[in-house]
Amino acid sequence: MIKKIIAVCLLSAAVVSCKKETAVSDTKPENDSIAVTGTKEDQYKPIDTACSPSYKTEDYITSLQWYRTKIEKEMAGNSPEQNDKVYEDYLKIRGKYTECLMSLHTDVLDKYVNYYNYDKDQYNLPDNVKKIASELKKANLEFREVGEGMTEIWTVPGYYSSLFKNKVTPDYEAYILQTDKESETNYAADAGLIITWEQLGDRLIFWENFMNKYPDSKLIKTVKQDYQYYLSDYLLGMDNTPTYERDHDKGTGKLNDENRAEFNRIIKKYPNSGTAKKAKEIILLFDTQTPVDQIDEKINGER
């Protein structure tokens with residue numbers, strides 16, 4: 001999400017190959033609840049979310065499973081509004097446990113890119129890493145390369161939407177479904193966009209529509225921030241995938257043909273959108289030879 005992975009996932013990161021970065025696990029969300037008797041469940045206490053070297057992978061996974069079971073029971077008797085809060089809390093807990101797992105397996109994450117076999121287009125994981133991956137899968141977690149030789153532990157795509165479907169308010173359900181969808185593929189790596197310009201344009205339209213449909217949503221602040229990050233990347237690009245070619249002598253720039261075509265697509269398809277308005281504006285700024293630094297300040301200064 002993403003400059004944010006980068007910041008949205010939450011907000012973090014040489015790439016070995018474009019093919020590797022865009023390939024993600026086909027693992028589908030599976031039920032990570034733990035089957036326990038009432039007595040054992042009452043006695044069990046999840047480990048602290050503060051990371052500790054004394055905790056093992058199994059400790060974190062068991063706690064994650066326990067929380068999954070706990071919220072499933074809670075949500076059954078809750079209102080959608082109450083379950084919105086359950087989602088927010090659960091997201092934080094999973095995030096903290098995931099950070100602890102990443103800290104625990106720093107050595108594995110540092111070496112993970114080296115396990116990729118270019119010739120076979122697959123990973124050749126040593127047994128100890130396979131074991132860790134198997135444990136992570138129990139809690140719907142997986143290894144994910146995020147670029148620049150970095151690997152992180154992510155929740156598998158589709159997990160949250162499968163868990164909270166029909167249990168939260170419409171704005172939360174739309175948000176969860178879209179963020180799950182966006183997590184299916186890495187957004188960017190090595191300071192360059194991975195998804196297509198058209199995909200990015202469509203993301204902008206989705207979030208613009210979301211803001212128009214749910215202006216009073218508790219998620220609106222987060223959505224607005226994400227929209228502005230996406231918009232900046234869409235209009236100006238990233239360091240290694242700019243939308244224009246710069247004339248360093250004059251300080252001006254010329255829009256790339258593919259980006260001009262994409263802007264015109266958005267303008268034609270969504271003529272009344274705020275995104276289309278910005279696309280028209282960026283075309284005019286470049287066509288009138290406005291200095292690139294001024295364009296950058298105008299676009300990014302509006303965040």
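A salt bridge is taken here as a side-chain nitrogen of Lys or Arg within 4 Å of a carboxyl oxygen of Asp or Glu. The model is predicted, so local features need pLDDT of at least 70 and side-chain atom pairs count only at pLDDT 80 or more, while totals for chains, interfaces and linings use all residues. Residues are numbered from 1 along each chain as its sequence is written, and side-chain values use heavy atoms, with hydrogens and water left out.

Q: How far apart are the closest N and O atoms of Glu-135 and Lys-138?
A: Glu-135 is buried at a relative accessible area of 13%, where buried means under 20%, exposed over 50% and partly exposed in between, with a 1.4 Å probe and protein chains only. Lys-138, at 35% relative accessibility, counts as partly exposed. The two residues form a salt bridge, and their closest N and O atoms are separated by 2.8 Å.

Q: Which residues are linked with Arg-265 in a network of salt bridges?
A: Arg-265 forms a salt bridge with Glu-198, with 3.9 Å between the closest N and O atoms. This pair links distant parts of the chain, since Arg-265 lies in helix 11 (residues 257–269) and Glu-198 in helix 9 (residues 197–213), 67 residues apart; helices are DSSP runs of H or I with at least four residues, numbered from the N terminus. The network joins Arg-265 with Glu-198, Asp-202 and Glu-262.

Q: What is the distance between the end C-alpha atoms of helix 4?
A: The expected span of a helix is 1.5 Å times one less than its number of residues. Helix 4 (residues 80–104) has 25 residues and should therefore span 36 Å. The distance between its end C-alpha atoms agrees with this expectation, at 36 Å.

Q: Which residues touch the most other members of the largest nonpolar core?
A: A nonpolar core is a set of buried Ala, Val, Leu, Ile, Met, Phe, Trp, Tyr and Cys residues joined through side-chain atoms within 4.5 Å. The largest one holds 72 residues, and those that touch the most other members are Phe-143, Phe-164 and Ile-282.

Q: With which residues is Ile-282 in contact, leaving aside its neighbours within four places in sequence?
A: Contact means heavy atoms within 4.5 Å. With neighbours within four places in sequence left aside, the residues in contact with Ile-282 are Leu-235, Leu-236, Leu-255, Phe-263, Ile-295 and Ile-299.

Terms used
Helices (H or I, at least four residues) and strands (E, at least two) are DSSP runs, numbered from the N terminus.
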